[in-house]
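Open the model in your viewer and keep the sequence panel beside it. This tour goes from one selection to the next.

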Amino acid sequence: MSIRSYEINLDSFSSLIPEPIVGRQGDKNGAVTLYVTVTDRGAAVDLTGQTINLMAETANGTAIIADNGGVTITDGVNGRFDYAVPNALWSEAGKITKAYFSLNDNDGQQTTYDLIFIVKESIDISQEEAHNYVTIIDGTIRDLKTKIDEISDAYSSGAFYSRNESDNLFASKEQYGNAIKNTNVVSMGVDNTGSKNVADDIQTIVNSGTYGIYFPAGIYLLDHSIEFPYGTNYPYSIELNANAHIVATSDMDVMFKIGESEVAPDSLPYTPQNKYPELYEVKGGQFHGNLNAKTAVQTSENIKGYKISEMTMDGCLDSYIHLKQSTESFSHDALISDLRIGYVRADEDASKNAIGIQADGGDWQLNNVYIANCKKAVKSAGLVTISNIHVFNGYDANGDIAFQVPGGIMGSEIYIDSYHTGISTLMDSGKYSGTSIMISDLFYYEYTNHDTSSPVHVIDTISDTSININGISSQFSTARKNDGSQVVYIRDTTDSSKTSSISKYLNIRGIDAKSNNDISGSTNIIGDMLYSGANQSLHPFTVTNGMNLPTNTGVIIGYIPDPTDSQSFYAQNFRVSESNGYYVAECYLRIIKGFVNNDKSNGQILVTAGSDRGQLQFGIGPVQTINGKNLHAVYIYNTESQQYLPELTITPMGFSPQGMLFPINSATSAVSIPALLAKTTDNSIGIDYVNDGMDSTKNIVPMNTNLNNQTFSGIYELEGGDVHWSNGPSGLTGGSVWGYLIVRNQGICFQELHVNTDEVFFRSRSGNPASWSSWKKFNTVSG
């Protein structure tokens with residue numbers, strides 16, 4: 001029996017997984033169980049005939065987990081299986097980021113998106129060292145007797161090597177294994193002192209036929225490109241010592257061309273029936289373009305399925321890594337990790353105009369990378385999955401786009417520093433693609449001296465893009481004014497030069513509402529807004545901090561767009577409540593193209609809790625243009641004598657694509673209201689309180705108030721004066737009467753009036769049509 005379980009859907013388009021899957025060192029096999037469904041764009045993947053394996057590395061990368069013993073296919077046709085996580089996965093404390101399921105059949109292997117595991121430390125056991133855990137060949141041995149029977153049958157049929165045969169086989173394998181090694185270029189006579197160009201010498205070694213190349217520490221000067229082979233009978237490897245420096249001394253397009261030339265013939269021994277020309281690894285070293293090389297490392301159209309890692313690169317003019325699209329497919333099937341690209345003072349040379357990593361296809365991963373001062377950090381034509389990425393643009397680098405991803409992006413733990421655009425779906429054609437942006441834990445920061453001549457768009461795309469954001473925080477330069485900088489900038493799908501207040505697939509959770517107060521003494525009106533659109537999940541947020549509202553003043557709680565020709569109306573539902581949780585009102589706002597409500601208001605407002613007092617009210621102001629957007633301000637306002645507006649919280653409800661812009665920062669002072677709202681008190685329905693607790697004073701009831709209209713449950717304070725209230729008890733004595741009115745309305749409305757003359761009155765309202773009974777006075781006895 002498991003103590004923790006997770007429901008996981010692994011889809012080819014969007015993978016919704018728990019983040020993270022948590023266990024503890026020493027947890028037994030099956031202590032954590034995963035209930036997995038595999039789909040392709042929502043349709044179930046048939047798992048019939050598939051072998052499902054978990055492939056993973058332990059948290060510190062010291063051991064490999066390759067397991068299918070914990071897999072139980074529960075509904076193969078509908079893509080469902082259970083997985084009991086093995087004890088070996090929990091051997092090392094830390095975060096496991098290299099983990100995925102592989103699906104294998106006669107046609108080959110397919111893999112899912114990565115899963116993330118967190119292994120917590122144990123304090124009550126002596127944890128053993130991690131070991132490789134491989135059960136793929138024959139699974140976990142559940143029935144030892146069956147295995148013994150199989151061995152016995154095989155022995156009886158002679159299906160064993162003799163001792164001599166075994167000794168000969170192992171000897172040949174040892175000799176064969178020793179032969180498969182990377183060739184040490186220094187051992188082959190290549191100079192590594194930096195005293196001469198060695199490109200010809202290295203190319204000669206590569207062309208002679210090797211299983212791979214190894215560069216010891218040193219300096220290797222190149223005056224032309226090195227072309228590495230493809231089509232080998234073995235996975236090819238290029239390994240560089242961490243202190244191996246590759247330096248371009250002459251103009252060249254690429255320093256290392258991976259998979260550029262075909263080997264002919266390939267006579268090196270390997271398993272002939274298992275050719276792996278696509279399996280490449282390039283690891284280590286420091287590449288210095290020296291403002292001579294356009295690109296450091298480039299993969300060719302002849303390969304896919306490669307790994308590039310543990311490199312430092314600087315001084316290139318066009319790009320540092322260029323992944324050319326394979327002629328076989330659009331997918332790269334590549335893993336890029338542990339890179340440092342560019343250097344902080346790139347403003348001193350032309351490398352500031354380079355692209356960090358350019359991918360002409362999709363389906364590749366980028367992990368643990370720092371990219372400094374590139375015009376574009378990452379440019380990918382297809383889908384890229386990223387994690388733990390820091391891109392920095394400082395000084396005079398004038399970074400354009402951090403991530404240009406028209407093919408879509410999935411990622412977490414992203415730090416974007418001072419780019420004008422963080423994530424964009426801009427294509428080379430100048431148009432924007434409608435794709436998928438799935439981001440969690442993104443932080444955007446802009447340093448004070450950054451160029452503020454153009455606005456910042458942290459996410460820049462069109463309304464057709466599916467946007468899923470979970471945890472995003474931004475901090476713009478304090479030098480910015482009201483320039484239209486915006487966290488999520490949505491363009492019109494048909495005309496990307498125009499902005500859109502409509503997003504068809506927008507889901508936002510966990511936006512930091514504090515770090516966006518980016519301007520000293522003011523707010524960036526549109527930049528500091530949250531857009532309420534389709535499927536957006538906004539937590540309640542405060543719109544007022546509590547203040548007095550003089551006559552004909554109010555606060556702006558948000559903006560609702562003016563309808564375009566193609567959109568007949570905009571609407572927004574929200575609930576308003578006090579910070580202490582008391583419910584105030586539910587509001588439905590709608591604004592129609594060209595609609596004016598008797599020249600008094602620019603839209604229709606329905607408030608479910610209203611009164612006729614006409615004190616604090618909702619209203620929609622006239623259209624105004626703010627940062628290129630035609631918007632109507634939505635007010636809570638006062639037209640009577642000074643009123644106190646408490647701290648109010650808004651919870652958006654009933655989302656639609658025609659939503660509203662809400663401010664991140666709450667209002668702290670009153671503003672004058674437009675004349676059309678001041679002309680009348682009946683263009684909006686007043687705010688009042690509804691059933692929410694009888695033990696709270698709701699409001700002050702001024703003199704001359706018609707008590708017949710006080711029908712909402714609660715306790716009301718009565719204002720004293722020389723004139724009594726209309727429709728109050730006729731038997732009141734004294735010239736300055738004050739007290740409390742208790743109202744209880746549950747179909748029949750009861751009023752109980754306590755006054756300072758030690759008198760108590762009561763009456764009720766009922767019937768159809770409803771009418772008030774006469775006031776009755778309690779007889780009191782002195783005690």
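The stops below cover a sheet, a loop residue, some aromatic pairs and the nonpolar cores. Keep in mind throughout that this is a predicted model.

**Stop 1**

Switch to cartoon view. Select the open sheet of 10 strands, ordered 18-21-24-26-28-30-32-34-36-38. Its pairing is parallel. Now find the two edges: strand 18 (226-230) and strand 38 (486-491). Each of these edge strands pairs on one side only. Look along the sheet from strand to strand. Neighbouring strands are turned by 15° against each other on average, direction ignored.

**Stop 2**

Zoom in on strand 18. Is this strand mostly covered or mostly open? It is mostly covered, with 4 of its 5 residues buried. Pick Pro229 and look across to strand 21: Ser261 stands opposite.

**Stop 3: strands 26 and 28**

Move along to strand 26 (residues 319-323) and strand 28 (residues 355-359). The two run parallel and are joined by 4 bridges. Select Leu323, then its bridge partner in strand 28, Ala359.

**Stop 4: Asp360**

Step into the loop between strand 28 and strand 29 (362-372), where Asp360 lies. Asp360 has 24% relative accessibility, so this residue counts as partly exposed. Which residues is Asp360 in contact with, leaving aside its neighbours within four places in sequence? Select His322, Leu323, Lys324, Gln325, Phe330, His332 and Ala381 to see them. Then put a C-alpha to C-alpha distance on Asp360 and Ser380. The two are 6.2 Å apart in space and 20 residues apart in sequence.

**Stop 5: aromatic pairs**

Show the aromatic side chains. How many aromatic pairs does the structure hold? There are 12. Take Trp90 and Phe117, an edge-to-face pair with 6.0 Å from centre to centre and 70° between the planes. Trp90 lies in the loop between strand 8 (80-84) and strand 9 (94-96), while Phe117 belongs to strand 12 (residues 117-120), so the pair ties together parts 27 residues apart in sequence. Trp90 and Phe117 are both buried.

Next, select Tyr236 and Tyr280. Their ring centres are 5.4 Å apart and their planes stand at 45°, so this pair is tilted. Tyr236 is in strand 19 (residues 236-240) and Tyr280 in strand 22 (residues 280-283), so the pair links distant parts of the chain, 44 residues apart. Both Tyr236 and Tyr280 are buried.

Together with Tyr236 and Tyr280 they form one aromatic cluster.

**Stop 6: a charge over a ring**

Jump to Trp772. Arg763 lies over the face of this ring, at 4.0 Å from the ring centre.

**Stop 7: the cores**

Finish with the nonpolar cores. The largest has 81 residues. Which of them touch the most other members? They are Phe215, Phe256 and Phe403. Phe215 and Phe256 also belong to the aromatic cluster of Stop 5.

Centre on Phe403. Not counting residues up to four places away in sequence, Phe403 touches Val378, Ile386, Ile389, Val391, Ile409, Ile414, Ile416, Gly422, Ile423 and Ser424.

Last, select Tyr6, Leu10, Tyr83 and Val85. These are among the 28 residues of a second, separate core.

Methods
Residues numbered from 1 in each chain as written. Predicted model: local features only at pLDDT ≥ 70, side-chain atom pairs only at ≥ 80, totals over all residues. Heavy atoms only, no water. Pairing = 2+ DSSP bridges. Axes fitted to C-alpha atoms, helices over the stretch in contact; angles between N-to-C directions. Phe/Tyr/Trp six-rings, centres within 6.5 Å; stacked < 30°, edge-to-face > 60°. Buried < 20%, exposed > 50% of the residue type's maximum accessible area, 1.4 Å probe, protein only. Lys NZ or Arg CZ within 6 Å of the ring centre and 35° of its normal. Core = buried A, V, L, I, M, F, W, Y, C linked by side-chain atoms within 4.5 Å. Contact = heavy atoms within 4.5 Å.
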